[in-house]
Amino acid sequence: MTVVLDTRDDFTLANFRRVCYGGEAVQLGEQARRALTAPGWSSAAPGEASAASTRAVPAAAAPADSGSAGSGGGYLDEALVRGILFARLAGCVSGHTAVRLAAAERVAALLDGPAPRVPSGGPAGPDDAAVMAAALAEVRRADLGEAERRALAEPAPCPAALAADTALRSRHRLESAQAVCALSIEAFGAPLGAYDAALDDLWGDAHEAAALRALRHHLDGAGTDGRRFHQAPVSYRIIPRVLGQAHRAVAAVEKAAATALRAVTGDVLLAGRILPNGGFHNGMAYPAMNALSGAWADLALVAERQVSALNTAETSGLPLNLAVPAAPMGTYAYGWAASGYVEEARAAAAPALLPAAVCDPLSDVLSPAFSAHRRERRAAECLDGVLAILLIVSSQALFVTGRSPAEPLRPLLSFARSVFLPIDGTGVRDLSADARSLQQALAAATITGRLVPAPRP
Amino acid sequence: MMSGEALFDQCLALLPLQAQATFRTMTVVVNGRDDFTLENYRRVSKGGEPVAIGPRAREAMATARADFIRLLESDRTQFIYGVTSSMGPRAKVTIPPEQQGAHARAFDFRGNWARGFGGGYLDERVVRGIIFARLANFVAGNSKAGPMIAERLAALLDGPLPPVPLDGEVGAGEVLPLSHVLRGLRLDELEEGEANPVGNGSPVSAALAADAALRAAPRLGRAERALALSAAAFGVPADAYAEELGELWGDTDEAAALAALRRHLSGASPGRRQAGQVPASYLILGRVLGQAHRAVAGLTEAARVSLRSVTDNPVYLPPDAAHPLGQALSTGGFHNAMVYPALNALAAVWADLTLLVGRHVTALRAADPAAGPGRELSALAEEARAAAMPTLLPAAVNDPQDDVSSPIFVAYRREATAAECLDNAIALLAGEAGRTLHAAGRRPAPPVRDPLQRARAARKGPDPA
């Protein structure tokens, strides 16, 4: 399959997924080709073109050496680099920018094969201009004009692709989190009134209502026998509201991605005049990623509290540490491990703000998008770790009490046990490796939407 | 000349809010959840107006109260948090039926509750706002309480209100700050189910969101005017904020920011510089201010939703076909998960704008490095950035039952600190931009002359207009 790009409206999250994760090529459609060959920048006054605003964009000092890893730290994911190239084309197809058909086709051709290697910049992360230079290093530019070269290098595709990558992963991550929390509710035997449909209206928020609906879906048919007669700990009762906040953050990053992917950034030609502007700076993507990091950190903390509640006999009414006689420590130490992930997630939730350092008097504000993306990925990885632990502990709670969860949750439980068998004291197991496999499976599901066991090392 | 009305308002403003109300004739009447709007919040909190419980609300509460008593009488051994059980970490302790009446009458979470202290106090207007928001829980009958409790709550707004310390108010739900706010509430003659709703729910989050939202929109307007003035002083070409960019960028908040900049720059002396001479901090104004529009809208929406939410625990649901006596459900409504992230986002925006203001001052001074602000702007930016560190769910655990706390007070204070930094930075930028315009013998656009004159008056600088 090939994704045909005719207008800005073709730069959707769905097409981003096809190109970046599906590896599909792109083709410029007839409408785009007409726009890219229409008279435009070539007729603009040279003085105007040279006055374009890209002076304010930090230029890479030299074409990045795509054969080295810069200051260390490896390379950006290939999917992300493909996303940046895809997003580059969005600003071109309408014909507003200085990029013409030949250059656009050269960018599109980069998506026919393996993506260029782009250094990830080590601990400081890459800067947008250097990433653009590396991503486009193989594009022949000798025959291009100055304005066209600058338009190609304009860095707004970076935050667009980072936001899109984050958005696509976060929707499935949230779905997994909801399912795991529902399994935890079953494992604890929390009263179901805290997820009642009446709360949709009483709380009055669409995102919290979505979270409540998801929990009710997973708990459909759950029995009332054997549940706590009294209310569950706070961490169980507030989970719809905490998940609602995650819904809100995911929706915001999806909106930021959808907007940025189809935006025309950089200098534009309109009605014969060139408009220099600040389009190169995306003010929406990094705050949305910051908010998502915060939501993941908070969700991780609430999940960790549920792990503690399940392990604590006085709270849960379940066997201490969910242990069986042959394995008396049960799942106790996973509570400690969960604390470690929570602390890391909280550290990653420190927001990426506009960088305080000044590059030069013209490029006096830089983009924090890569920093925000890196932190979101770290917070998400830590959340996956806590969710894996909550899945293990919930499975164990059901195991030691011989219970089954509600019907919709049984495939999740089967999946969990296909990776991590209940701790029954038989045989010798590497519980760390098993838990790691579960975390990796949760991470892989953020792309595929399917929970399947990760390959063992 | 000051108009009579303006003079009256200024004199009135010297009085405490509750005293102001006695000179006003308006009363906010609440009949249902839809009356808990931002505008009514403003009237009660900042405007000092009293609140009356309307007839529809009284009827709804009386009906629901009778329904709830029927539910309770049907089985006094069923679990109803705080009614047939003890509270907090003792939730699993059952109250015998014959002691449930005494249990309700003995309730007083104010005197016997350890609570926070120090760190200054909430403004009186916010305390009024909390009491207003508290009533949303009652008016539709979901609190289980009869009309008397709501009327007593509303009556608190007619008298002086207690101070509410800002430190140490972090716990599960919002009972700690509410124990301060409601110190004057009469709790005699309480019956089963009427005590708990006084201190449960999340009205504090609703009020703090509303307070911050009402202050945020004017602050953003001031920032836009000052930054537009700066753009005029620097000589940024007007095309940098052209209307067409709104469609090309495709975001309504950025389009709104661009429109505001164009409005403020309308009629200004034409820009003197070519685009290649303009720093990024000027070109990206539309996009950074767009993010500020988005954050203000996010907080405003959080306030709108929260003000009318029913957040009590347990919440009473009226009878329906499946539950002919209604239900009392234990929920997590007392935890507002929407407001503190919205305040976090706003604090971050204020920090980014403070940094941007500093860049503008640097750019203005580069062309004319006469005496002017500089170092203090760096300090303001750093303070604002520190305040923008997000408030997350507190890591500390109080007890295994109340195992997650609300961080709302911390988020509110950090946003206020970041906002204060921005306010100071804006004043400095307006003065610097005015000085630059004056030195060049140029005039700002008419819409930004007034704030410029105010900044000049504050700094005793020359008036370019």
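**View 1. Chain B at a glance: helices and strands.** Chain B has 18 helices and 4 strands, with helices (H or I, at least four residues) and strands (E, at least two) taken as DSSP runs numbered from the N terminus. This is a predicted model, where local features need pLDDT of at least 70 and side-chain atom pairs count only at pLDDT 80 or more, while totals for chains, interfaces and linings use all residues. Residues are numbered from 1 along each chain as its sequence is written, chains are lettered from A and ligands numbered from 1 in the order in which they are written, and side-chain values use heavy atoms, leaving out hydrogens and water. Of the 465 residues of chain B, 61% count as buried; buried means under 20% relative accessible area, exposed over 50%, and partly exposed in between (1.4 Å probe, protein chains only). Take the contacts in chain B with a separation of 6 or more: 78% of them come from residues 24 or more positions apart. Contact here means heavy atoms within 4.5 Å.

**View 2. Helix α7 of chain B and what it packs against.** This helix runs over residues 147–155, and its buried residues are Pro147(B), Ile149(B), Ala150(B), Arg152(B), Leu153(B) and Ala154(B). They pack against β2 (51–53), α4 (55–74), α6 (124–134) and α9 (196–199) of chain B.

**View 3. Inside the largest nonpolar core.** A nonpolar core is a set of buried Ala, Val, Leu, Ile, Met, Phe, Trp, Tyr and Cys residues joined through side-chain atoms within 4.5 Å. The largest one holds 285 residues, and Tyr195(A), Trp296(A), Leu310(A), Leu122(B), Tyr241(B), Trp350(B) and Leu353(B) touch the most other members. Helix α10 (residues 203–234) of chain B gives the most to this core, with 19 residues. A second, separate core has 8 residues, among them Ala64(B), Leu71(B), Leu72(B) and Val83(B).

**View 4. The surroundings of Trp350(B).** Set aside the neighbours within four places in sequence, and Trp350(B) is in contact with Ala216(B), Arg219(B), Leu220(B), Val296(B), Glu415(B), Ala418(B), Ala419(B) and Leu422(B).

**View 5. Where chain A meets chain B.** The contact takes 76 residues from chain A and 78 residues from chain B. Together the two chains bury about 6300 Å², 59% of it on carbon and sulfur atoms; buried area is the accessible area (1.4 Å probe) that two parts lose on being put together, summed over both. Between the chains there are 39 residue pairs in polar contact, both at pLDDT 80 or more. A polar contact is a pair of N or O atoms within 3.5 Å; within protein, one must be able to donate a hydrogen and the other to accept it, and residues adjacent in sequence count only if both atoms are side-chain atoms. On the side of chain A that touches chain B, α13(A) supplies the largest share, 8 residues. That side divides into 40 nonpolar, 18 polar and 18 charged residues, with Ala, Val, Leu, Ile, Met, Phe, Trp, Tyr, Cys and Pro counted as nonpolar, Asp, Glu, Lys and Arg as charged, and the others, Gly among them, as polar.

**View 6. A salt bridge across the chains.** Asp201(A) pairs with Arg33(B), the closest N and O atoms being 3.2 Å apart. A salt bridge is a side-chain nitrogen of Lys or Arg within 4 Å of a carboxyl oxygen of Asp or Glu. The count between chain A and chain B is 4 salt bridges, and over all chains it comes to 51.

**View 7. Salt bridges within chain A.** The side chains of Asp77(A) and Arg377(A) meet in a salt bridge, 2.7 Å from N to O. Asp77(A) lies in the loop between α3 (46–50) and α4 (78–90) and Arg377(A) in helix α16 (residues 369–401), so the pair ties together parts of chain A that are 300 residues apart in sequence. Asp77(A) is partly exposed at 32% relative accessible area, and Arg377(A) is partly exposed at 25%. Glu304(A) and Arg305(A) form another salt bridge (2.7 Å, N to O); Glu304(A) is buried at 8% relative accessibility and Arg305(A) is buried at 6%. Salt bridges that share partners join Asp77(A), Asp165(A), Arg169(A) and Arg377(A) into one network.

**View 8. Thr311(B) in its loop.** Thr311(B) sits in the loop between α14 (285–307) and β3 (315–317) of chain B. Is Thr311(B) buried or exposed? Thr311(B) is buried, with a relative accessible area of 5%. A polar atom of its side chain lies 2.9 Å from the backbone nitrogen of Ser202(B). Not counting residues up to four places away in sequence, Thr311(B) touches Arg241(A), Asn137(B), Asn200(B), Gly201(B), Ser202(B), Gly333(B) and Phe334(B).
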